[in-house]
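Visitor: Could you walk me through this one? I'd like to start with a single residue and then move on to the ligands.

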Amino acid sequence: MTETMRLDGIRAGRLGPEDLTRNFSDLHPRFSDHEALVAADRCYFCHDAPCVTACPTDIDIPLFIRQIATGMEDAAARTIFQQNILGGMCARVCPTETLCEEVCVRQVAEGKPVEIGRLQRFATDSMMAAGEHPFTRAPETGRRVAIVGAGPAGLSCAHRLAMLGHSVTIYDARAKPGGLNEYGIAEYKTPGGFAQAEVDWLLKIGGITVETGRTIGAGLALEALRNDHDAVFLGIGLGGVGALGLEGEALGGADNAVDFIAALRQQDDLTQLPIGRNVVVIGGGMTAVDAAVQSKLLGAENVTIAYRRARDRMPASRWEQDLAASHGVRLVFGVVPHALHGDDRLREVELAYVGPDMAPTGETFRLPADQLFRAIGQKLVAVEGIALEGGKIAVTGAGRTSVEGVWAGGDCAAGGQDLTVTAVAEGRDAAMDIHASLTDGRV
Amino acid sequence: MADLTTDFVGIHSPNPFWLASAPPTDKEYNVRRAFEAGWGGVVWKTLGAEGPPVVNVNGPRYGAIYGADRRVLGLNNIELITDRPLETNLEEMARVKADYPDRALIASIMVPCEEAAWKAILPRVAETGADGIELNFGCPHGMSERGMGSAVGQVPEYIEMVTRWCKQYYDRPVIVKLTPNIADIRKPARAARNGGADAVSLINTINSITSVDLDLMAPEPTIDGKGSHGGYCGPAVKPIALSMVSEIARDPATYGLPISGIGGITTWRDAAEFMALGCGSVQVCTAAMTYGFRVVEEMKAGLSRWMDEKGYATLDEVVGRAVPNVTDWKHLNLNYVTKARIDQDLCIKCGRCYAACEDTSHQAIGMSPDRTFTVIDAECVACNLCIDVCPVEDCIDMVRLAPGETDPRTGKVVKAEPADWTTHPNNPGAMAAE
Ligand SMILES: Cc1cc2nc3c(=O)[nH]c(=O)nc-3n(C[C@H](O)[C@H](O)[C@H](O)COP(=O)(O)OP(=O)(O)OC[C@H]3O[C@@H](n4cnc5c(N)ncnc54)[C@H](O)[C@@H]3O)c2cc1C
Ligand SMILES: Cc1cc2nc3c(=O)[nH]c(=O)nc-3n(C[C@H](O)[C@H](O)[C@H](O)COP(=O)(O)O)c2cc1C
Ligand code: SF4
């Protein structure tokens, strides 16, 4: 506890550079060689392994672990990248506790799964650190595909199409490619500029041009893209954020969690990033946890996550809840924001208890708050002419939209969980479908 | 508390755990500390003839085979016999024996295959007060190139001859240490007995190359780009040693010949198994080299506790108890029919039994879409492979079909009375059943 942590308001420099460096270092550093061998040895090499089924990209997990066990991490990396070109990022950010590791037979038997995520990182890091790209591009087909969005869905789709010999141009609204890998994922999951390094490494396949600062709907028209290309893939994620619709929301201090995290991820000197002494985060997903934990790591004294339903309904996994709790974040369940108080600036958040039916019980209470983050879910910013389903782009098969020649995948498309790995899988599968359609099924 | 005191061919020790002739017993300093740690006896590192001692390599002399987490499973060495002067060793042995009269101290000896050489060294060993000698006919590397060690142990006539000299020139117990690098271990054991040996000890190390350095293209351990075969020991050799011990224990020609068991003994259980197959004492090398002298504590406590549980008061009740149950394949009961049974509550659904049986055995395990694995009795030959590969202990069991039940695989009714190959109709040499 430093003096500056007790200063009210939203201010920078609550912690010194050393504390901040320590706080934002790698959550799970790469295994050493020996650690990896021991961890790999725990894998039973199951028949028709449940972990493979649980992985949205169907990585042959027992095979890559066996390759690590026999001292061939590059072969292991290749096994991973064949199915998931962003296997390096996924190794860091996948909620493995609800995916592959949840169904590991050793999790079921002993509550201690094979550490698949960390083994995946061990393998992918070694090949990426050597700067080696495992694939070569097929001869140029002369076909051109436009991809909108350089997030995991777009990058995965682009890589697969380029590998098959098509020419790809990726358009992205932001200044840097990577999507939420660059602007959203918690800093401690992917420190050291990994997101950009991974994009650079991925682009080594060749045949991909990235145009940043190009926004569909603002200067870039879908129709024009369709005219100039043989196919279009939309991987635009969810750019919109909902408001709480509360009185006092216009007071300074009520921010959007995603914007806060994006600012954090782009800030080179974290001593310059302001944070409140008392922070309240509204929401119950990964974004809420990441905003809360990173607030704590920046030096906020009191951080509370306020979620409207019971703990067992919280979208953030138990592992993430524990991560938050271990950083001293308080979790409050069954509450919704009722009002924001303060004259000149935000001073207090008033929360109201609700029942399972979301009906207020009548009881409210106030928490001191200099800063409030909304993490109540992101929304699609619709693209004109494309049919929606439940607020997202409607798709059939491997990402075919209502418009001929336009595919979509990742968070913006209906179906599947909003996860990096799901975006990668959908981008890859759409690429195979695009390829099939461009080659008349002569894959 | 079970009595662990040991009387092995008249050599007494407070427990049956001896350190085998090797680096742990190379000098006074080690042996004193070993006795303080509780070892019942030591076989001193092998002595050579008077004169300039042998020299060892100055590069690596060991290589290891590891299990997970670098657990040593097997050790390979190219060390020779003691490289210290004979006189020094003899003086130290005398001092140690005088200070530890209750412990067994045995001199291991390897001198050229000439009567004069043995005649010269034996009186000097006797002067130390050592309780007996062990003839090292086992060392498979280096010394064997000079006509000693396993070069002697591989020729039964030499064994008999040298043993006879020793019995002639030495009046305390003579133990002959056998090499496993031979086709039939019973031959050298018989030779030792014929020569008058009081006991045999086995096994010494097995010819081995640990691994090949694929960059240097040379065997490991590598000395300046070259490697030589060494001797293998440690947990990996235990099954080989147990089998050889059992063959000597049940061979009519050597039946009753005392055996000191050696080879991969790492825990009390290993020791108990050697004793059950007829060993009156056991010797340990690799386990001590891997974990230090303190392992003997676990061995003593474990053996004693197990004997208490079983109601065995003395080691005599254990030694050789399993020997009558070692038999030839042809005498195994072919009417003993079992089937694998998977305990669905313990099963963790890894499917290893399925892969093993489906790909490499008898296609006798079925797999349902929800990953329930069940044995198909009509196909199961009871080979046991599923149990061997199952990661969960006791999850798969072998259940015997009762007499009168029909084996769905063969369609035959299981008979109550045993029948073996010697009477089987498919055996061309079968004797009539009655
Ligand atoms: C704070 C936060 C933390 C998260 N943590 C995790 C985690 O730990 N693990 C995990 O698996 N998932 C996590 N997720 C979810 C994960 O980041 C997403 O599921 C994933 O990034 C979706 O990939 P995408 O390619 O569909 O979209 P995005 O990553 O959102 O990429 C979309 C891209 O499209 C661009 N774009 C948007 N609109 C336009 C337009 N009109 N024109 C041009 N370009 C446009 C954007 O600039 C962006 O680069 C997190 C999400 C958030 C918000
Ligand atoms: C480094 C080393 C040196 C050895 N030197 C001798 C020796 O001088 N004389 C001998 O009879 N056996 C020698 N042995 C063999 C051991 O006494 C013992 O027979 C063998 O290692 C098997 O037992 P273990 O599996 O407990 O190690 C040596 C073994 C090792 C590892
Ligand atoms: S005992 Fe052998 S044949 Fe029977 S189920 Fe097991 S592996 Fe298959």
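**A residue, then the ligands**

Guide: Let us start with B:Ser13, which lies in strand 2 of chain B, a strand that spans residues 11-13. Please keep in mind throughout that this is a predicted model.

Visitor: Is B:Ser13 buried or exposed?

Guide: B:Ser13 counts as buried, because its relative accessible area is 4% and the cut-off for buried is under 20%.

Visitor: And what does the side chain of B:Ser13 reach?

Guide: The side chain of B:Ser13 makes a polar contact with the backbone oxygen of B:Asn15, at 2.7 Å.

Visitor: Zooming out, how many helices and strands does chain B have?

Guide: Chain B has 12 helices and 20 strands, and its C-alpha atoms fill a box of roughly 75 × 60 × 50 Å when this is taken along the principal axes. Of the 434 residues in chain B, 50% count as buried.

Visitor: Now ligand 2, please. Which residues are closest to ligand 2?

Guide: Ligand 2 is surrounded by 22 residues, and the closest of them are B:Ser21, B:Thr46, B:Lys177, B:Gly264 and B:Thr286. By class, this shell has nine nonpolar, 10 polar and three charged residues.

Visitor: Where does ligand 2 sit?

Guide: Ligand 2 sits in the largest cavity.

Visitor: What about ligand 3, how many residues are around it?

Guide: There are 13 residues around ligand 3, and those that come nearest are B:Cys357, B:Cys380, B:Cys383, B:Asn384 and B:Cys386. The shell around ligand 3 divides by class into 11 nonpolar and two polar residues, with no charged ones.

Visitor: Switching to ligand 1, which residues come nearest to it?

Guide: Of the 33 residues around ligand 1, the nearest are A:Val93, A:Asp172, A:Lys189, A:Ile216 and A:Asp411. Their shell as a whole comprises 15 nonpolar, 11 polar and seven charged residues.

Visitor: And the polar contacts of ligand 1?

Guide: A polar backbone atom of A:Val93 is 2.7 Å from a nitrogen atom of ligand 1, and a polar side-chain atom of A:Lys189 lies 2.8 Å from an oxygen atom of the ligand. An oxygen atom of ligand 1 is also 3.2 Å from a polar backbone atom of A:Pro152. The protein covers 93% of the 990 Å² of accessible area that ligand 1 has on its own.

Visitor: Which helix of chain A gives the most to that shell?

Guide: Helix 15 of chain A does, with three residues. Helix 10 (152-163), strand 5 (215-216) and helix 17 (420-438) of chain A are, like helix 15, elements that each supply at least two residues of the shell around ligand 1.

Visitor: Can you pick a residue in helix 15 for me?

Guide: A:Ala291 lies in helix 15, which covers residues 286-298 of chain A. A:Ala291 counts as buried because its relative accessibility is 0%.

Technical notes. Residues numbered from 1 in each chain as written. Chains lettered and ligands numbered in written order. Predicted model: local features only at pLDDT ≥ 70, side-chain atom pairs only at ≥ 80, totals over all residues. Heavy atoms only, no water. Near = heavy atom within 4 Å. Nonpolar A, V, L, I, M, F, W, Y, C, P; charged D, E, K, R; others polar. 1 Å grid on protein atoms, 1.4 Å probe; cavity = no way out; pocket = protein on both sides within 12 Å on 5 of 7 lines; lining within 4 Å. Sits in = over half its atoms within 2 Å of the grid points. Helix = DSSP H or I, 4+ residues; strand = E, 2+ residues; numbered from the N terminus. Buried < 20%, exposed > 50% of the residue type's maximum accessible area, 1.4 Å probe, protein only. Polar contact = N/O pair within 3.5 Å; in protein donor to acceptor, adjacent residues only side chain to side chain. Areas by Shrake-Rupley, 256 points an atom, 1.4 Å probe, with all protein chains shown as cover.
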